[in-house]
Amino acid sequence: MNENGNEDLGHNRRDFLKGGSVATLMTMLGGVELFAQTNAAPGGQSTPPVAKMKVAVIGLGAWGREIVNTLVNPVAPVEPADLAAICDTYGPALRRTANTVPGATQTPDYKTILANKDIKAVIIATPTPGHKELALAALKAGKHVYCEAPLENTIEDAREIALAAKAANRQVFQCGLQKRSDPQRRFLLPFIHSGALGTSVLARAQWHKKTSWRSASPNPEHEKELNWRLNKATSLGLIGEIGSHQVDQAGWFLNALPTAVTGFGSIDFWKDGRDVPDTVQAVFEFPAGVRLLYDCTLTNSFEGEYEVLYGSYAAIMMRESKAWMFKEVDSPLLGWEVFAAKAQFNDDTGIVLVAGATKSTSADQTPEAKAAAAAKTPLWHALDNFLRNAVDLSAAAEDFITSYGADDVDGLQAALAKAEHRPAANYLEGFQAVVTAVKANEAILSGKRIELKPEWYELS
Amino acid sequence: MKIRTIIAGNIAILLLATLSVRAADQMTVYAARPGSKMRIEGTANVIHTTWQIESPFIAGMIKVGPNFPTEPGQVVAPGAKLDAQANAVIMARSLKSVNEDGSHYSDGMDEIMCEHLNAAKFNQITYKLTELTLKEAPKTKDAPYVCDAKGDLTIAGVTNPIAMVVNILPLPDNKLEITGSTALKMTDYKVPIVDKSIIGLAHIKTGDEVKLIFKWMLAQRKAPAAAAK
């Protein structure tokens, strides 16, 4: 329970791994820990100023507050962010968040933010059913837009958002599938695609946390609004609100979209009048016989959140921003593992390896550097990339028009296409994730298998 | 006799003045177009011993008189001072560090470069042409006119005169391509060398000497349409 006696919605993964116990367990199981090169600031070195952009956060529920806290985290702030305004229709949420960012303008009306020419970017973290209205209005107002996943609850609404984003080529549109911005996962991607795991045969993912997802409010009307996730009419349930991220990641690593999904769902524990299952399972079929087994529950916390990709040579497991490799005895030697430490677990000899350790400097090992590195979650990277991309795109557009005038529309488009694009989920990936989530939810609610037609994933 | 001399002199003055007015009227404006590039190359002490930054934006224009070569094969005598006034502008923030293959190198390097160029205060690098002399006529119809250019270069708010060789290549459809390069020292513009650790990279110390290499694409600006009667 949080300080106001309300349930947190369970999106705060920082609480989950305490004391590195899971990391130790994985190492004992013979896991090779893989991580991307650290980005810790060298001790004692000042950093040059970063171009900033005024940004507003719209929607200050638990996740919106997480976004605000990430933007302004004193240990590792998102440097391009100049958080100028926060917005929520619920006064207590607004006032509560203002404690964190007292300098930001507070408003219940998003239109005042869109009318403010100084605010160039908005982050939409409202309940999913409201995303379309906000995203379309923000794009029309010329803002760069970060819209949380899932983009919307229906394929049609998600398509409208994606098409508007596609047309707005002078603005950045990013979907909140933050794993796509995670340097750890991007580090793994070429490794996996190179065939280091052998033939992909299976994938698994889960999200387990015992939490009701229910929030309380003294105001009955507001309580109904707060608990939109528990109502089938306004929510894609666990597979949409949680599973979107993990299912999208599986497809990203497998480099394919799912071809069918079979689902199961039930209300096993939280029998409080909700009609959204508190426990779901889904089997996603991918090409070449690979299946993703996904389960998500609000009834038990054991083993928390992780994803595993299994290959004929090795498996890779990801938890938060850590990853481990479990090799088969007959898999080819990759070379670098010769230098890895080894640990015994039962009859298995595990390879303990800290990839990138030779690039790490002593400055990366200071408590401050480690704290800063830990604060740079996938969400941090997603927000950082969004704002840096927005700064660069805006500057490129301004510089082009200053240099060559506004008449050369094709030239401007070509110049913007060459602007730096840091890794992020785009409008197409966001749309496709909604297609998968909507159909998976249908499968879960009906207990049936649904074939996913390729044309459903096409935008136009 | 004296009166005729005076009249002749006045006529001569009048003719010269008229010619000057006609010369001003005959200046043609070429405005900057996409396809331009400014590249700055330097040296450093780390794994990559050279560094490079690039911008695709060179703003500005050149106004040229009748003796400026705008057509291939135009006859201009070597040594002739060409009628030309030019101003070029590069936004410091548009300069990005790149790898050899043109891909982006590092945000950290870009931020340090902007800091050293004092881009927050002096966002523009500017060049003003003061004199252009034909050095070498083209040997073939497709070859450029090689010229000696003198002008004032301003970086980070500091202005120095520079001289460089530029190549002027008239192109079809009333376009020009002007290329050239020059070496200079950053400290001459009070731009300190980089000597620090860059986040995610290593300790980098850059050399003082750099080379500016540019390609500037321009197109003749169309005259405004005559007002309807």
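This is a predicted model: local features need pLDDT of at least 70, side-chain atom pairs count only at pLDDT 80 or more; totals for chains, interfaces and linings use all residues.
Two residues are in contact here if their C-beta atoms, placed from the backbone, lie within 7 Å.

Residues are numbered from 1 along each chain as its sequence is written, and chains are lettered from A and ligands numbered from 1 in the order in which they are written.

First, the domains of chain A. Domain 1 covers 20–36 + 182–364, and domain 2 covers 53–180 + 378–428; the bounds come from an automatic or database domain assignment. Between them, 15 residues of domain 1 of chain A are in contact with 13 residues of domain 2 of chain A. On the domain 1 side, α7 (183–193) and α10 (243–254) of chain A each supply at least two residues. Helices are DSSP runs of H or I with at least four residues, strands are runs of E with at least two, and both are numbered from the N terminus. The most on that side comes from α10(A), with five residues. By class, the domain 1 side has four nonpolar, seven polar and four charged residues. For these classes, Ala, Val, Leu, Ile, Met, Phe, Trp, Tyr, Cys and Pro count as nonpolar, Asp, Glu, Lys and Arg as charged, and the others, Gly among them, as polar.

Next, the sheet in chain A. Six strands form an open sheet with parallel pairing, in the order β4-β3-β2-β5-β6-β7; two strands pair if DSSP finds at least two bridges between them. At the edges are β4 (105–107) and β7 (173–175) of chain A, each pairing on one side only. On average, neighbouring strands of this sheet are turned by 20° against each other, direction ignored. Strands β2 (53–58) and β5 (121–124) of chain A pair in the parallel sense over four bridges, and V122(A) in β5(A) is the bridge partner of A56(A). Helix α5 (131–140) of chain A packs on the sheet, touching β2, β5 and β6 of chain A, and its direction makes about 165° with that of β6(A). Axes are lines fitted to C-alpha atoms, for helices over the stretch in contact, with angles from 0 to 180 degrees between N-to-C directions.

A cis peptide bond runs from A149(A) to P150(A), with omega near -5°. P150(A) sits in the loop between β6 (144–147) and α6 (155–167) of chain A.

Now the chain interface. 19 residues of chain A are in contact with 21 residues of chain B. The largest share of the chain A side, seven residues, comes from α12(A). That side divides into nine nonpolar, six polar and four charged residues.

How far does α12(A) reach from its first C-alpha to its last? This helix of 27 residues reaches 38 Å, close to the 39 Å expected at 1.5 Å a residue, where the expected span is 1.5 Å times one less than the number of residues. Because 21 of its 27 residues are buried (20 or more other C-beta atoms within 10 Å of their own, against 12 or fewer for exposed and in between for partly exposed, C-beta atoms placed from the backbone), α12(A) is largely enclosed by the rest of the structure. Just after α12(A), G405(A) takes a positive phi of about 90°.

Last, chain B. D173(B), a residue other than glycine, has a positive phi near 60°. D173(B) lies in the loop between β9 (158–171) and β10 (175–185) of chain B and is exposed, with 6 other C-beta atoms within 10 Å.
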